[in-house]
Amino acid sequence: MAKSKGARLIVTLECTECRTNPDKRSPGVSRYTSTKNRRNTTARLELKKFCRHCNKHTVHKEIK
């Protein structure tokens with residue numbers, strides 16, 4: 001028997017301000033990886049993380 005997919009999966013979090021703000025400290029987009037339980041958290045994650053390109057704490061949203 002093949003194993004079924006687990007409840008935990010790896011998600012990528014991307015800075016929301018890097019995509020829209022041209023006046024940032026350095027070029028690029030800040031990305032983090034995290035895990036979430038797909039059964040308990042069905043919506044996309046939104047966490048406040050430090051963005052090295054904006055040089056401040058911003059909201060990072062789950063992509064893909």
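A residue is called buried when its relative accessible area is under 20%, exposed when that area is over 50%, and partly exposed in between, with a 1.4 Å probe and protein chains only. By this scale Cys-54, with a relative accessible area of 14%, is buried. The model is predicted, so local features need pLDDT of at least 70 and side-chain atom pairs count only at pLDDT 80 or more, whereas totals for chains, interfaces and linings use all residues. Residues are numbered from 1 along each chain as its sequence is written, and side-chain values use heavy atoms, with hydrogens and water left out.

The cysteines were examined for disulfides, a disulfide being a pair of cysteine sulfur atoms within 2.5 Å. In general terms, a disulfide is a covalent bond between the sulfur atoms of two cysteines. The structure contains 0 disulfides. For Cys-18, the closest cysteine sulfur belongs to Cys-51 and lies 3.3 Å away, which is too far for a bond. Cys-54 is likewise in no disulfide, and its nearest cysteine sulfur, that of Cys-18, is 3.6 Å away. Cys-18 is buried, at 4% relative accessibility.

Salt bridges were identified as a side-chain nitrogen of Lys or Arg within 4 Å of a carboxyl oxygen of Asp or Glu. The structure holds 4 of these salt bridges. Their positions are described below by strand, where strands (E, at least two residues) are DSSP runs numbered from the N terminus.

One of the salt bridges joins the side chains of Arg-31 and Glu-14, with an N to O distance of 2.5 Å. Arg-31 belongs to strand 2 (residues 31–37) and Glu-14 to strand 1 (residues 8–15), and the pair links distant parts of the chain, 17 residues apart. Arg-31 is exposed, with a relative accessible area of 52%, while Glu-14 is buried at 6%.

A salt bridge also forms between Lys-36 and Glu-62, whose closest N and O atoms are 3.2 Å apart. Lys-36 lies in strand 2 and Glu-62 in strand 4 (residues 56–63), so this pair ties together parts that are 26 residues apart in sequence. Lys-36 and Glu-62 are both buried.

A further salt bridge connects Lys-61 with Glu-46, the closest N and O atoms being 3.8 Å apart. Here Lys-61 is in strand 4 and Glu-46 in strand 3 (residues 46–51), and the pair links distant parts of the chain, 15 residues apart. Lys-61 has a relative accessible area of 35% and is therefore partly exposed.

Terms used
Helix = DSSP H or I, 4+ residues; strand = E, 2+ residues; numbered from the N terminus.
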